[in-house]
Amino acid sequence: MQAIANALRGQESENSQEAFRVLDIILRQHAAKQGCLLVRQSFFHNDPRNFTDVGGGVLGCRGFHSSFRTTQSGLSLNIDVSTTMIIQPGPVVDFLIANQNVKDPFSIDWAKAKRVLKNLRIKTSPSNTEGKITGLSDKPCKEQLFSLKQKSKDDDGEAHTLEVTVYDYFVNYRHIELRYSADLPCINVGKPKRPTYFPIELCTLVSLQRYTKALSTFQRSSLVEKSRQKPQERMRVLSDALKLNNYDAEPMLRSCGISINNNFTQVEGRVLPAPRKLVDPTKIERWAVVNFSARCDIRGLVRDLIKCGDMKGIHIDAPFDVFEENAQNRRAPPIVRVEKMFEQIQSKLPGAPQFLLCLLPERKNSDLY
């Protein structure tokens, strides 16, 4: 704590940096004890109210980032909202249907499913035991055989074994009703040479498992839209996070003599009026409109743009031209459409434009963008 006290006086050192790392580790340990998902200094609680569906079996999970910092007012806890991506918890089949955007389990691409499921944690019913997926069975549940040990023994004292299918074992020996697993692969939670198979409908994905693959354009757009928060809502979320984590009950922090106020630090500020005119506005003389088959009033749009610029002191000349997309290119791949348009622009423009105003046909999630 002496190193932190020195840091607060402006005397930073390796010892003070080490001390802050220790405090941050205490925060991580405190979150781990509450069952949080830890991503560096960000913590995510297993609360469905914090989940938002972004499509493809992926959820945005809202949590918070927290770490200690030195500020002018002393030692402060820096806390802010944070978001990570997690696998949709629940039945494995429901996740695969959403992930592959298919209608039913019988339309699933099982080669893709095997790759996406590998190393995910599941719980199996009715025993409620947890395991890690190592693969899928080569055959459907009603055909996949395994050796079932019998109570009877042979002359050498070895238990007899009986070859049964996974489906027969669970239906006839465990008396568990299976509605749709018979024709689907089994989940393997054992080792490659010693597999342990379960019918897929008895398997449920555990919550708070990170999704680390790249998001699609649609998923990114959905995440941005659904993660947007107004300042007051953001403050409420952070205040609730502080109360929920109850840092003052952490014995390690108490032993360091640290207590955390549940209220935000108050600072004085001013609200500045929006500028009416720009100090040194530029002049737009060379520009053009590029229309990728968007249905809109282009003349009205240009007129409004010139009017808005004039209100801010920006003089905007009329556009050199409006380049309309060739109707034959509308069904071409996005890259081809853009390249064809550039060829058209370069053949007609006298020189490099200051900017091009591109109009896209879709309001959201446009592949052209």
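Visitor: Which residues does tryptophan 110 touch, not counting residues up to four places away in sequence?
Guide: Bear in mind that this is a predicted model. Tryptophan 110 belongs to the largest nonpolar core and is among the residues with the most contacts inside it. Leaving out residues up to four places away in sequence, its partners are Leu96, Pro105, Leu136, Leu184, Pro185 and Ile200.

Visitor: Which element gives the largest share of the largest nonpolar core?
Guide: That core has 39 residues, and Val92 and Leu96 are among those with the most contacts inside it. Elements giving two or more residues to the core include strand S5 (74-87), helix H4 (110-117) and helix H5 (166-173). The largest share is five residues, and it comes from H3.

Visitor: Is glycine 57 buried or exposed?
Guide: Glycine 57 sits in the loop between strand S3 (51-55) and strand S4 (58-71). Beyond its neighbours within four places in sequence, glycine 57 is in contact with Ile86, Ile87, Gln88, Phe95, Ala98 and Asn99. The C-alpha atom of asparagine 99, 42 residues away along the chain, is 4.6 Å from that of glycine 57. With a relative accessibility of 1%, where the limit is under 20%, glycine 57 counts as buried.

Visitor: In what order do the three strands of the open sheet run?
Guide: The edge strands, each pairing on one side only, are strand S9 (135-140) and strand S13 (197-198). S9 is joined by three bridges to strand S12 (residues 185-188), with the two running antiparallel. Glycine 135 stands opposite asparagine 188 in S12. The order is therefore S9-S12-S13.

Visitor: Arginine 236 and aspartate 240 are in helix H7, so what separates them?
Guide: The two form a salt bridge, with the closest N and O atoms 3.3 Å apart. Arginine 236 is partly exposed, with a relative accessible area of 45%, and aspartate 240 is partly exposed at 37%. Because they are four residues apart in H7 (residues 231-245), their separation is about one helical turn.

Visitor: What is the radius of gyration of the protein chain?
Guide: The chain has ten helices and 19 strands, and its C-alpha atoms fill a box of roughly 100 × 70 × 35 Å along the principal axes. The globule rule gives 21 Å for 369 residues, and the chain comes out well over that, so it is more spread out than a compact globule. Its radius of gyration is 30 Å.

Technical notes:
Residues are numbered from 1 along each chain as its sequence is written. This is a predicted model: local features need pLDDT of at least 70, side-chain atom pairs count only at pLDDT 80 or more; totals for chains, interfaces and linings use all residues. Side-chain values use heavy atoms; hydrogens and water are left out. A nonpolar core is a set of buried Ala, Val, Leu, Ile, Met, Phe, Trp, Tyr and Cys residues joined through side-chain atoms within 4.5 Å. Buried means under 20% relative accessible area, exposed over 50%, partly exposed in between (1.4 Å probe, protein chains only). Contact means heavy atoms within 4.5 Å. The radius of gyration is taken over C-alpha atoms; the globule rule is 2.2 Å times the number of residues to the power 0.38. A salt bridge is a side-chain nitrogen of Lys or Arg within 4 Å of a carboxyl oxygen of Asp or Glu.
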